[in-house]
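Student: I'd like to learn how to read the sheet and the helices in a protein model. Can we go through one together?

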Amino acid sequence: MNALVHDLLLGTRPLPPRTNPACPDLGDQPLIRTGRLTLRPLNATDAPAIRAGLDNYRVTKMLARVPQPYHLEDAEDWLAAGPKGGWSFAITQGGIGAILSPGAKAANGNVDDRLIGVVSIEWTETSGRRGWHLGYWLAEEHWGRGLMTEAVNAVLARFFATHMGETLYSQAMADNPASLRIQGKLGFDVTGVSELYSEGRSAMVRTILTEVTFGGYMPH
């Protein structure tokens, strides 16, 4: 473990964004609450939960840059690097519903702040598209409940509130219809097909390229 990671693990403060003079900056990352979720900045103590969620081939085979198996050190190094000028949110279950229901909050207080997935917007260049890119994943035990749509919708709403003139890019593996359905519900258009290398699969994978603008965004 390098010295930076060791120092960060001593506290729970949000991790600093990675600065890059060649890319813009989204500014301070907000705290976002939805009915069922709180989306907060990542901190170094999220590493074990990230490792638990991503050490699962069914999750990582749908992601381009995540190795398999996925170790705690991988999570620590990723957290120490931080987002490239953008935002990386920990998805947690302490939403407005829990806050307004003292009984539910008391019963679930030990899990409210536990990371169950991540939504990120980063400035990067992929498949010839340079700009803001959306990425996300959710731990398998939470699939099928609409949580990922809820989280991504909340992040898009906040992004377009201050960046209405931007195009937001994303993508999904061609064999990941669930991710494509999320994007379709929120207004993403399919713009092409590419071949990307998946570290988890150790192979090139057919990938559907998508994008959305403020005018096309459909709040869900």
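Student: In what order do the eight strands of the open sheet come?

Tutor: Keep in mind that this is a predicted model. The order is E1-E2-E3-E4-E5-E6-E8-E7, and the pairing is mixed.

Student: Which strands stand at the edges?

Tutor: Those are E1 (32–33) and E7 (189–198). Each has a single partner strand, so one side of each has no neighbour in the sheet.

Student: How many bridges join E7 to E8?

Tutor: Nine, and E7 and E8 (residues 203–213) run antiparallel. To find your place there, look for Val-193, which stands opposite Ile-208 in E8.

Student: Which strands does helix H8 lie across?

Tutor: H8 (residues 177–185) lies across E5, E6 and E8, at about 155° to E6. Helix H7 (residues 147–162) lies across several strands too, among them E1, E2 and E3, and runs at about 150° to E5.

Student: Now for two helices packed together. What describes them?

Tutor: The angle between their axes, plus the distance between those axes. Take H2 (residues 47–54) and H4 (residues 72–81): their axes come within 8 Å and cross at roughly 120°. That angle makes H2 oblique to H4. The crossing is right-handed.

Student: Which residues of H2 and H4 meet?

Tutor: From H2, you've got Ala-47, Pro-48, Ile-50 and Arg-51; they meet Leu-72, Ala-75, Glu-76, Trp-78 and Leu-79 in H4. Sort the residues of this contact by type and you get seven nonpolar, two charged and no polar.

Notes
Residues numbered from 1 in each chain as written. Predicted model: local features only at pLDDT ≥ 70, side-chain atom pairs only at ≥ 80, totals over all residues. Heavy atoms only, no water. Axes fitted to C-alpha atoms, helices over the stretch in contact; angles between N-to-C directions. Helix = DSSP H or I, 4+ residues; strand = E, 2+ residues; numbered from the N terminus. Parallel < 35°, antiparallel > 145°, perpendicular 65-115°, else oblique. Left-handed = near helix turned anticlockwise from the far one by under 90°. Contact = heavy atoms within 4.5 Å. Nonpolar A, V, L, I, M, F, W, Y, C, P; charged D, E, K, R; others polar. Pairing = 2+ DSSP bridges.
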